[in-house]
Amino acid sequence: MNDSQYMKRALELAQKGIGHVNPNPLVGAVIVKNGKIIGEGYHEKYGEPHAEVNAFKSLKESPTGATMYVTLEPCSHYGKTPPCVDAVIKSGVSRVVVASLDPNPLVAGRGIIKMQEAGIEVEVGVLKEEADALNVVFFHYITTMMPYIIMKYAMTADGKIATHTGASRWITGEIARHRVHEDRKRYTAIMVGVGTVLADDPMLDCRIEGGRNPIRIICDTHLRTPLNSKIVTTATVIPTLIATTSDDTKKVSEFTEKGCQILSISTKSERIDLNLLMTLLGERGIDSILLEGGATLNASALEAGIVNKVQTYIAPKLFGGISAPTPIAGTGVATPDEAYILKNQKITILGSDILIESDIEEVQPCSQES
């Protein structure tokens, strides 16, 4: 096996931490000596030992003179755990192969320098593209301290997210819906608008084996969420945040008594200031949000410039109807050259449905806000 093959194994290990390490990065490590793997590990849970330490714990023999493959530069600072770079140096490995550099200002190349100063041969960049893609959420969050936002919606082949009567269950099939729950496990939080709560009374939980429920965030300008809704009645079980501009202390206390956390947010164009909300959520350690909010919230999120990625589920169905809702409401752009541009498309077939994942290339405000 060569460097790329060992690093591929480290990346496979790193993925085992999905849904358990946020807001930390996904990291895997493999230790090789005389052509065989003698230890491996990954970051399993936030606050617990990192990949390098777990790899050392699994050793079958002395690592002196071995090569370590790690998907992300070993940390060089004290956080929840001691610096991994110190453990690497102490272990006696003679070579370290790193996929990605850590953009964390507390690390940012310091781990590499420290290992080199200790006489360890270091190589950087093996399977970098794959490693960077694995930690796109961490890289965004650690450099901006703002959540990475994935706008997700399911629509028919004619672009409808519901019929003209408002019925929307179900547009996609079971395989596509299972994928959505995998993402609810992957990302820290899920956000919808109050309109979705009123129309569907959703749970917004994760329903797959070994899943982890995301933190639920409701954008509710005037506190219209029903106190008997599933969201509110299960708030003591699943963390639930309601962002609102309401200053009605009686209403607020009714929600807090049921376990909801209220975030008081100022208005922007008579709606919740989503940019301010993202700042507050980032300060709470929320690194990623799956936006399942419906057409109105989707439009507001795009106009606010907070969307990083778009997930478009397309079902082979036609609803028709001029009044049937589409994925993005609002006024929209005035001319084609003002469009939100999508790039880096990835297409996945999920049963009879199609998932198109795209990055937002450039976010421009609507002309009326210029």
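Let's start with a charge and a ring: the charged end of Arg-177 sits over the ring of Trp-170, 4.5 Å from its centre. That label applies if NZ of Lys or CZ of Arg is within 6 Å of the ring centre and within 35 degrees of the ring normal. Bear in mind that this is a predicted model, where local features need pLDDT of at least 70, side-chain atom pairs count only at pLDDT 80 or more, and totals for chains, interfaces and linings use all residues. Residues are numbered from 1 along each chain as its sequence is written, and side-chain values use heavy atoms, with hydrogens and water left out.

- Most residues other than glycine have a negative phi, and most peptide bonds are trans.
- You'll find Trp-170 in the loop between β6 (148-156) and α7 (174-186); helices (H or I, at least four residues) and strands (E, at least two) are DSSP runs, numbered from the N terminus.
- Another cis bond runs from Asn-22 to Pro-23, with omega near 5°, and Pro-23 lies in the loop between α1 and β1 (28-33).
- Asn-34 isn't a glycine, yet its phi is positive at about 55°; this residue is in the loop between β1 and β2 (36-42).
- With a relative accessible area of 74%, Asn-34 is exposed (buried means under 20% relative accessible area, exposed over 50%, and partly exposed in between, using a 1.4 Å probe and protein chains only).
- Leu-127 has a positive phi too, near 55°, and belongs to the loop between β5 (121-124) and α5 (128-134).
- Leu-127 counts as partly exposed, at 21% relative accessibility.

**Aromatic pairs**

- There are two aromatic pairs in the structure (ring centres of Phe, Tyr or Trp, taking its six-membered ring, lie within 6.5 Å; planes under 30 degrees apart count as stacked, over 60 as edge-to-face and the rest as tilted).
- Tyr-6 and Tyr-69 make a tilted pair, because their ring centres are 5.1 Å apart and their planes are at 35°.
- This pair links distant parts of the chain, 63 residues apart: Tyr-6 is in helix α1 (residues 3-14) and Tyr-69 in strand β3 (residues 67-72).
- Tyr-6 and Tyr-69 are both buried.
- Phe-138 and Phe-139 are tilted as well, with centres 6.0 Å apart and planes at 55°.
- Phe-138 is buried at 6% relative accessibility, and Phe-139 is buried at 16%.
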